[in-house]
Amino acid sequence: MTTLLTRRSVLSAAAALPFAGTGIAHAAAPMMGASTPTHNRFKLGAFEVTTLLAASTPRPDPHSIFGLNVSEEEFETVSAEANLPTDQAQFFFTPTVVNTGEQLVLFDTGLDPAGITAALEAAGYGADMIDLVVLTHMHGDHIGGLSDGETPTFPNAAYATGQVEFDHWAQAENETFEAKMRPLADRTKMMEDGASGFSGHTAMAAFGHTPGHMVHMIESEGESFLIAADFANHYVWSLAHPDWHVKFDMDKDAAAATRRKLLDMMAADDLPFVGYHMPWPGTGYAEKQGDGFRFVPTSYQMML
């Protein structure tokens with residue numbers, strides 16, 4: 001006799017089996033809530049690179065932030081094709097640590113001292129271990145962790161940032177800059193395009209998001225990785241559609257041109273990058289797709 005097994009018959013048979021065990025009733029396990037690790041570490045040549053999840057938060061009405069120059073219909077269509085809701089978006093804030101073996105370098109500092117300190121500690125670092133803090137630009141979610149307004153978060157660190165960026169905010173009468181960055185000015189190295197803060201590092205002008213926004217190439221033993229900061233703020237709504245205007249870009253046309261330039265470079269060179277607001281853990285590749293680009297998250301490539 002031949003017995004035919006179907007999915008329905010297997011499930012029905014399983015449901016009919018008596019429960020195994022002692023017969024002792026157990027209380028239902030408690031709901032633990034959503035969670036995710038707050039650091040991701042990989043080797044880059046002789047370096048170690050660690051991305052840190054300093055914060056994550058939902059934001060309502062993403063079309064008020066992304067695609068300001070496209071219709072509601074186009075925004076809805078693109079979002080639906082990517083299985084993205086349009087009533088809210090999830091934002092990630094991802095500073096990066098580079099351990100060169102000689103220096104521990106932190107790129108950007110998150111929203112506040114508590115967030116960056118907790119993420120560093122979860123990754124095995126103390127704030128007092130940071131030798132150099134490199135700031136890609138002066139938006140509050142990048143310099144917010146520098147201090148509590150009185151005490152620097154990184155007591156043993158030197159600092160570096162772009163000269164153009166610093167000069168802009170120094171005359172902007174911005175409250176966050178004045179509280180967080182101004183007091184550290186005498187400990188800050190000013191960088192121009194092509195400058196190096198340490199061996200294996202090159203600062204690159206990527207203006208538009210802010211007047212002096214910079215990205216940072218990290219290279220060790222023939223391997224390269226780009227700390228891309230805020231050149232693109234979303235993996236679909238700005239990376240896949242680089243010409244879409246973004247609320248946070250101070251010069252929207254310049255930011256769009258910068259996006260295309262960097263994405264063309266990354267796609268051509270198969271260059272991995274970390275985006276400050278990309279889906280956690282923030283690392284991936286840019287692949288040319290039509291008139292835009294596709295974000296390809298890293299899987300195990302950086303582990304090998």
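1. A contact here means heavy atoms within 4.5 Å. By that criterion, residues 24 or more positions apart account for 68% of the contacts in the chain with a separation of 6 or more.

2. Before going further, a word on the basis. This is a predicted model, in which local features need pLDDT of at least 70 and side-chain atom pairs count only at pLDDT 80 or more, while totals for chains, interfaces and linings use all residues. Residues are numbered from 1 along each chain as its sequence is written, and side-chain values use heavy atoms, with hydrogens and water left out.

3. Overall layout. The chain has 7 helices and 15 strands; these are DSSP runs numbered from the N terminus, helices being H or I with at least four residues and strands being E with at least two. The C-alpha trace spans about 85 × 45 × 40 Å along its principal axes. Of the 304 residues, 46% count as buried, where buried means under 20% relative accessible area, exposed over 50%, and partly exposed in between (1.4 Å probe, protein chains only).

4. Surface. The chain's accessible surface comes to about 15100 Å², and 54% of that belongs to carbon and sulfur atoms; the areas come from the Shrake-Rupley method with a 1.4 Å probe, and for residues only the protein chains shown count as cover.

5. Cores. A nonpolar core is a set of buried Ala, Val, Leu, Ile, Met, Phe, Trp, Tyr and Cys residues joined through side-chain atoms within 4.5 Å. The largest has 24 residues, and V133 and F154 touch the most other members. At least two residues of this core come from each of β6 (104–107), α3 (113–122), β7 (132–135) and α5 (163–170), with α3 giving the largest share, 3 residues. Beyond four places in sequence, the residues touched by F154 include L106, I116, L120, I130 and V133. A second, separate core of 21 residues has F47, V105, F198 and I218 among its members.

6. Which residues is T51 in contact with, leaving aside its neighbours within four places in sequence? Among them are T38, H39, N40, T94, W280 and P281. T51 sits in strand β2 (residues 47–52) and counts as buried because its relative accessibility is 0%. Its side chain also reaches the backbone oxygen of P281 at 3.2 Å.

7. Salt bridges. The count is 5, taking a side-chain nitrogen of Lys or Arg within 4 Å of a carboxyl oxygen of Asp or Glu. R259 and D249 pair through their side chains at 3.0 Å, N to O. R259 lies in helix α7 (residues 252–269) and D249 in the loop between β12 (223–229) and α7, so this pair ties together parts that are 10 residues apart in sequence. Both R259 and D249 are buried.

8. Other bridges. E178 and R182 meet at 2.8 Å, N to O; E178 is partly exposed at 31% relative accessibility, and R182 is partly exposed at 33%. R294 and E287 have their closest N and O atoms 2.9 Å apart. Salt bridges that share partners also join D243, R260 and D291 into one network.

9. Finally, L304. This residue follows β15 (292–297) and counts as exposed because its relative accessibility is 77%.

Technical notes:
A polar contact is a pair of N or O atoms within 3.5 Å; within protein, one must be able to donate a hydrogen and the other to accept it, and residues adjacent in sequence count only if both atoms are side-chain atoms.
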